[in-house]
Amino acid sequence: MSLAILSDIHGNLEALDAVLADVDAQKPEAIVCLGDFVGYGASPNECLARLRPRIEAAVLGNHDVAALGRLRLGGFNSDAATSARWTQTELADEHRGWLDALPFTMVWRGVRIVHATPSDPEEWNYVLSIADAEYEFDAFEEPLCLIGHSHVPGQFQLDGSGVTYARKALVDLAPGARRIVNVGSVGQPRDGDPRAAWALLDPAAGRLEHRRVEYDVDAAAARIGDAGLPSFLAERLRWGE
């Protein structure tokens, strides 16, 4: 039994379609999304239409909340704020209502899932350092917490020797330690690798695999330009930053 973990789609239909093709090839039992279905990209409705029938569970991301008009945009940079306002006007009512009903965090199949942090899921903080992770481990009881938000795949592990951080394609989930795993971003990678990111979790085998998928970046960038969104949002897709 395996489970597909997607996060930070950000309205990038080309990336999502490529990831879903890879997901289908792996034949997971279920798919979950850790939020930020929308924002930055030019295909919010198309992405939601693709994912909603397929996912077993999901949580809200900050860009989803912004698209619902429930988040002040003062903390967004100018391009992100422009995208959020555009998404507010473009988002179909059926998708708006569905997003509005999502929780900020939940336990799914024994795993804590949240977009940003388990301690304050509505504050949109980041887990970027050992110190951040040490604080967050006190905020949940489950052995594994899956997050997104920073768009950088990696994992923090807490065991008898303290907290360590690693970025490896395969994560050993052997008993005796607790972990916070960032699964990266489908539609807005920011680790210097422009390929779309997702994770395949196999609880029975005790492992998680970070997977990367090539997609048509030029087509995704062209959609952003055609929508009249800031050109930087298109260019950064090519850099993976």
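**Entry 1: cavity**

I looked up the largest cavity and recorded a volume of about 70 Å³. On a 1 Å grid over the protein atoms alone, a cavity is a set of points where a 1.4 Å probe fits but cannot get out, and lining residues have an atom within 4 Å of a point. Grid points are joined across faces, edges and corners, and the volume is the space filled by probe spheres set on the points. This is a predicted model, in which local features need pLDDT of at least 70, side-chain atom pairs count only at pLDDT 80 or more, and totals for chains, interfaces and linings use all residues. Residues are numbered from 1 along each chain as its sequence is written, and side-chain values use heavy atoms, with hydrogens and water left out.

My search of the whole structure returned 1 cavity of 30 Å³ or more. The largest cavity is lined by 15 residues, of which Gly11, Asn12, Gly41, Ala42 and Ile224 are the closest to its centre. I sorted the lining into 6 nonpolar, 7 polar and 2 charged residues; Ala, Val, Leu, Ile, Met, Phe, Trp, Tyr, Cys and Pro count as nonpolar, Asp, Glu, Lys and Arg as charged, and the others, Gly among them, as polar. Helices H1 (13–26) and H7 (217–226) each supply at least two lining residues, and H7 gives the most, with 3 residues. Helices (H or I, at least four residues) and strands (E, at least two) are DSSP runs, numbered from the N terminus.

**Entry 2: H7 and H8**

I next examined H7 against helix H8 (residues 231–239): they pack at an angle of about 170°, with axes 8 Å apart. Axes are lines fitted to C-alpha atoms over the stretch in contact, and angles run from 0 to 180 degrees between N-to-C directions. H7 is therefore roughly antiparallel to H8 (angles over 145 degrees). The contact (heavy atoms within 4.5 Å) involves Val217, Asp218, Ala220, Ala221 and Ile224 of H7, and Leu233, Ala234, Leu237 and Arg238 of H8. By class, I noted 7 nonpolar, no polar and 2 charged residues in this contact.

**Entry 3: two residues**

I located serine 83 in helix H4 (residues 78–90). Serine 83 counts as buried because its relative accessibility is 1% (buried means under 20% relative accessible area, 1.4 Å probe, protein chains only). Not counting residues up to four places away in sequence, serine 83 touches Gly39, Tyr40, Leu229 and Leu233.

Valine 186 is in the loop between strands S10 (178–182) and S11 (196–202). Valine 186 is also buried, at 0%. Beyond four places in sequence, its contacts include Leu6, Ile9, Leu16 and Val19.

Notes:
On a 1 Å grid over the protein atoms alone, a cavity is a set of points where a 1.4 Å probe fits but cannot get out, and a pocket is an open set with protein on both sides within 12 Å along at least five of seven lines; lining residues have an atom within 4 Å of a point. Angles under 35 degrees count as roughly parallel, over 145 as roughly antiparallel, 65 to 115 as roughly perpendicular and the rest as oblique. Buried means under 20% relative accessible area, exposed over 50%, partly exposed in between (1.4 Å probe, protein chains only).
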